[in-house]
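Try each task before you read its solution.

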Amino acid sequence: MASGITYQVCDGSPVTVVRLAGPLDLGTMRSVYEVLDDCLAAQPDALVVDLAGVTVRDRLALSVFAAAARRAEEWPAVPVVLCDPPPDAARWLAESTACRAVPVRRDRTEASRLAAASAPRLRARLEPVAEACRRARDLVADACARWNLPEAVGPASVVLTELVANAVRHAGTPMQVTLTLRRPYLHLAVVDGSRAGLRPRDPGLGAEGGRGLLLVRELAQRWGSVEAVGGKAVWAMLPAN
């Protein structure tokens with residue numbers, strides 16, 4: 001970063017660790033957010049931010065970590081954990097209402113252990129063929145069986161099938177399908193190689209198709225589409241009771 005704060009990214013599996021060093025203030029927090037956002041876009045299983053080398057010059061700048069965590073809640077449903085903050089920063093984080101939802105741990109090992117266990121997930125790489133829809137339903141059945149979510153099988157199968165079918169029909173590229181359990185939601189995401197945006201259609205009563213995204217909208221708690229590395233991600237969140 002040219003802003004005076006530096007970073008080092010360790011893309012370990014299953015946790016990505018970002019080590020920050022230098023002054024954190026209202027002038028450098030944007031650079032920090034951009035780094036964290038880039039790391040989240042790569043869809044790690046979890047993101048740990050090491051604050052040992054950071055000097056906090058403005059306590060309001062700590063809100064950048066809450067903003068990054070909120071951005072990750074919907075997509076890519078990645079837990080964000082802070083570790084090893086300096087004493088003043090640790091106290092300010094504990095006092096901040098905005099940052100209270102971001103876990104803080106003493107060291108990187110403890111933070112990585114917490115992060116890795118926070119959001120179990122399943123991933124699959126699918127080709128843009130009709131068979132992909134059946135595989136999507138199999139993934140939902142497998143995930144719901146593993147995570148004891150019998151009531152989510154039906155709606156999640158419909159939603160993921162529609163997201164995959166949309167990618168097959170309109171993107172025509174290989175896709176990455178991810179299912180993540182971050183209670184109280186089951187997160188579904190399909191990343192394809194097309195940057196074309198999504199627009200739910202309003203088909204007439206006699207139309208035979210065009211209702212896929214309308215089904216997603218009705219069944220999901222929230223859903224959306226964002227740019228991802230090399231294309232776009234379409235995500236949906238369903239209750240996981």
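**Exercise 1. Find the buried residues of α2 and what they pack against.**

Step 1: in helix α2, the buried residues are V64, F65, A66, A68, A69 and A72. Buried means under 20% relative accessible area, exposed means over 50%, and partly exposed is in between, with a 1.4 Å probe and protein chains only. Helices (H or I, at least four residues) and strands (E, at least two) are DSSP runs, numbered from the N terminus.

Step 2: these buried residues of α2 pack against β2 (15-24), α1, β3 (46-56), β4 (80-83) and β7 (175-182). Contact here means heavy atoms within 4.5 Å.

A note on the model before you go on: this is a predicted model, in which local features need pLDDT of at least 70, side-chain atom pairs count only at pLDDT 80 or more, and totals for chains, interfaces and linings use all residues. Residues are numbered from 1 along each chain as its sequence is written, and side-chain values use heavy atoms, with hydrogens and water left out.

**Exercise 2. Describe how α1 and α2 pack.**

Step 1: take α1 (residues 29-41) and α2 (residues 63-74), which pack at an angle of about 25 degrees with their axes 10 Å apart. Axes are lines fitted to C-alpha atoms, for helices over the stretch in contact, and angles run from 0 to 180 degrees between N-to-C directions.

Step 2: that angle makes α1 roughly parallel to α2. Angles under 35 degrees count as roughly parallel, over 145 as roughly antiparallel, 65 to 115 as roughly perpendicular and the rest as oblique.

Step 3: list the partners. M29, V32, Y33, L36, D37 and L40 of α1 meet S63, V64, F65, A67, A68, R71 and A72 of α2. By type, the residues of this contact are 10 nonpolar, one polar and two charged. Ala, Val, Leu, Ile, Met, Phe, Trp, Tyr, Cys and Pro count as nonpolar, Asp, Glu, Lys and Arg as charged, and the others, Gly among them, as polar.

**Exercise 3. Now describe the contact of α6 with α7.**

Step 1: helix α6 (residues 153-171) and helix α7 (residues 212-219) pack at about 145 degrees, and their axes are 9 Å apart.

Step 2: α6 contributes P155, V158, V159, E162, L163 and N166, while α7 contributes G212, L213, L215, V216 and L219. Sorted by type, the contact holds eight nonpolar, two polar and one charged.

**Exercise 4. Is A240 buried or exposed, and which residues does A240 touch?**

Step 1: look in the segment after β10 (231-239), where A240 sits. At 5% relative accessibility, A240 counts as buried.

Step 2: leaving out residues up to four places away in sequence, A240 touches L149, L181, R183, P184, Y185 and L186.

Step 3: The peptide bond from R183 to P184 is cis, with omega near 15 degrees.

**Exercise 5. Decide whether Q43 and N148 are buried or exposed.**

Step 1: Q43, in the loop between α1 and β3, has a positive phi of about 55 degrees although it is not a glycine. Q43 is buried, at 12% relative accessible area.

Step 2: N148, in the loop between α5 and α6, is not a glycine either and has a positive phi of about 55 degrees. At 60% relative accessibility, N148 counts as exposed.
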